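Hi there,

Here is the structure I promised to pass on. Have a look first, and my notes follow below.

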Amino acid sequence: MEGQGATADPQLQHFIEIESQKQRFQQLVHQMTEVCWEKCMDKPGPKLDSRTEVCFVNCVERFIDTSQFILNRLEQTQRSKGSFSESMSD
């Protein structure tokens, strides 16, 4: 019976993983909004002028590009560390 506590429910693990992904996404959107608002919004008005709109689009696209680049680099680093540690144990 002691072993049962160590085995987590796969559905619960999946739910927790999805909720964690949602939380990370919301944090990313919040961070992106804050950065781009500070960069692009000179004076709030009733509607965006074309310059401000272009600034927001560019800001969001660069933010996404940068986030994706960092994520890819972290994954590459993890893979290279994993293969390095595997070769060390041989």
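**What I found**

Thr-52 touches Cys-40 and Met-41, leaving aside residues up to four places away in sequence; contact here means heavy atoms within 4.5 Å. Thr-52 is found in helix α3 and is buried, with a relative accessible area of 7%. Buried means under 20% relative accessible area, exposed over 50% and partly exposed in between, with a 1.4 Å probe and protein chains only.

Before you go further: this is a predicted model, so local features need pLDDT of at least 70 and side-chain atom pairs count only at pLDDT 80 or more, while totals for chains, interfaces and linings use all residues. Residues are numbered from 1 along each chain as its sequence is written, and side-chain values use heavy atoms, with hydrogens and water left out.

**Overall fold**

The protein chain has three helices and zero strands, in the order α-α-α along the sequence. Helices (H or I, at least four residues) and strands (E, at least two) are DSSP runs, numbered from the N terminus. Of the 90 residues in the protein chain, 9% are buried.

**Core**

Which residues form the largest nonpolar core? There are seven: Met-32, Cys-36, Cys-40, Met-41, Phe-56, Cys-59 and Phe-63. Both α2 and α3 supply at least two residues of this core. A nonpolar core is a set of buried Ala, Val, Leu, Ile, Met, Phe, Trp, Tyr and Cys residues joined through side-chain atoms within 4.5 Å.

Beyond four places in sequence, Phe-63 touches Leu-28, Gln-31, Met-32 and Val-35. The C-alpha atoms of Phe-63 and Leu-28 are separated by 9.5 Å, with the two residues 35 apart along the chain.

The largest pocket has a volume of about 360 Å³. Its lining has 13 residues, and Leu-28, Phe-63, Ile-64, Ser-67 and Gln-68 are the closest to its centre. On a 1 Å grid over the protein atoms alone, a pocket is an open set of points where a 1.4 Å probe fits, with protein on both sides within 12 Å along at least five of seven lines; lining residues have an atom within 4 Å of a point. The volume is the space filled by probe spheres set on the points, which are joined across faces, edges and corners. The largest share of the lining, eight residues, comes from α3.

Best wishes
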